[in-house]
Amino acid sequence: MYEVSGVPHSDIYRILPCVDKYLDKVLPYTGGRYDKQDIINGIERKEFDLWIPINTENSTVDGVVVTQFTVYPRKKVFTILLCCGDNLNKWYDPAFEMLYSFANVHECDLAEVIGRKGWVRRLKDDGFKQSMWIVEREL
């Protein structure tokens, strides 16, 4: 069984040892957009929110989710920037239920996930659709 908890911004350094390995695992997939210190700084400045799935059977933190609000001229979007962990299939539902509720409380118009292509298949059952491709080139 899993509980999902939002981590107070001021507790980032207390919880960092529990999520460090998950950040190390997921950050290479950001294409160099973020490093660990960027995420820590963003959480400290309250630009990002940190969520953790807690395995209630053994009291371990089994993953990490980092989110932010992205405000476009016509939409307020709940953006899931990073999501990684062990036993994802066991904590996905409670985590994403909580995330959607949080987004609704903050009057977001939609949720978006920035991630690898495999997320498209996983999120389809939640009503997500792929709306665009991002194509990049280093300069």
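Figure 1. Lys 76 has a relative accessible area of 26%, so it counts as partly exposed (buried means under 20% relative accessible area, exposed over 50%, and partly exposed in between, with a 1.4 Å probe and protein chains only). The model shown in every view is predicted: local features need pLDDT of at least 70, side-chain atom pairs count only at pLDDT 80 or more, and totals for chains, interfaces and linings use all residues. Residues are numbered from 1 along each chain as its sequence is written, and side-chain values use heavy atoms, with hydrogens and water left out. Lys 76 belongs to strand E5 (helices, H or I with at least four residues, and strands, E with at least two, are DSSP runs numbered from the N terminus). Apart from neighbours within four places in sequence, Lys 76 is in contact with Phe 69, Thr 70 and Val 71, and also with His 106, Glu 107, Cys 108, Asp 109 and Leu 110 (contact means heavy atoms within 4.5 Å). Ala 103 is 27 residues from Lys 76 in sequence, and their C-alpha atoms are 9.5 Å apart in space.

**Figure 2. Where helices H1 and H2 cross.** Two packed helices are described by the angle between their axes and the distance between the axes. For helix H1 (residues 12-26) and helix H2 (residues 36-44), the axes come within 12 Å and cross at roughly 145 degrees. The axes are lines fitted to C-alpha atoms, for helices over the stretch in contact, and angles run from 0 to 180 degrees between N-to-C directions. The crossing of H1 and H2 is right-handed (a crossing is left-handed if the near helix is turned anticlockwise from the far one by less than a right angle, and right-handed if clockwise). On the H1 side the contact is made by Ile 12, Tyr 13, Leu 16, Asp 20, Leu 23 and Asp 24, and on the H2 side by Lys 36, Gln 37, Ile 39, Ile 40, Ile 43 and Glu 44. Sorted by class, this contact holds seven nonpolar, one polar and four charged residues. Here Ala, Val, Leu, Ile, Met, Phe, Trp, Tyr, Cys and Pro count as nonpolar, Asp, Glu, Lys and Arg as charged, and the others, Gly among them, as polar.

Figure 3. Most residues other than glycine have a negative phi, and most peptide bonds are trans. Lys 46 sits in the loop between H2 and strand E2 (49-55), and its relative accessible area of 60% makes it exposed. Asn 87 is partly exposed, with a relative accessible area of 38%.

**Figure 4. Asn 89 in helix H3.** Asn 89 is part of helix H3 (residues 88-105). Is Asn 89 buried or exposed? Its relative accessible area is 65%, so Asn 89 is exposed. Arg 33 is 56 residues from Asn 89 along the chain, and their C-alpha atoms are separated by 27 Å.

**Figure 5. Val 61, a buried residue of strand E3.** Strand E3 covers residues 60-61 and includes Val 61. The relative accessibility of Val 61 is 15%, so the residue counts as buried. With neighbours within four places in sequence set aside, Val 61 is in contact with Cys 18, Val 19 and Tyr 22, as well as Ile 52, Pro 53 and Ile 54. Ser 131 lies 70 residues from Val 61 in sequence and 32 Å away in space, C-alpha to C-alpha.

**Figure 6. Phe 128 after helix H4.** Phe 128 is found in the segment that follows helix H4 (118-124). Not counting residues up to four places away in sequence, Phe 128 touches Tyr 100, Ala 111, Glu 112, Val 113 and Leu 123. Leu 110 is 18 residues from Phe 128 in sequence, with 9.8 Å between the C-alpha atoms.

**Figure 7. The chain around these views.** The protein chain has four helices and six strands, and along the sequence they follow the pattern β-α-α-β-β-β-β-α-β-α. Of the 139 residues in the protein chain, 37% are buried. The C-alpha atoms fill a box of roughly 40 × 35 × 30 Å, taken along the principal axes.
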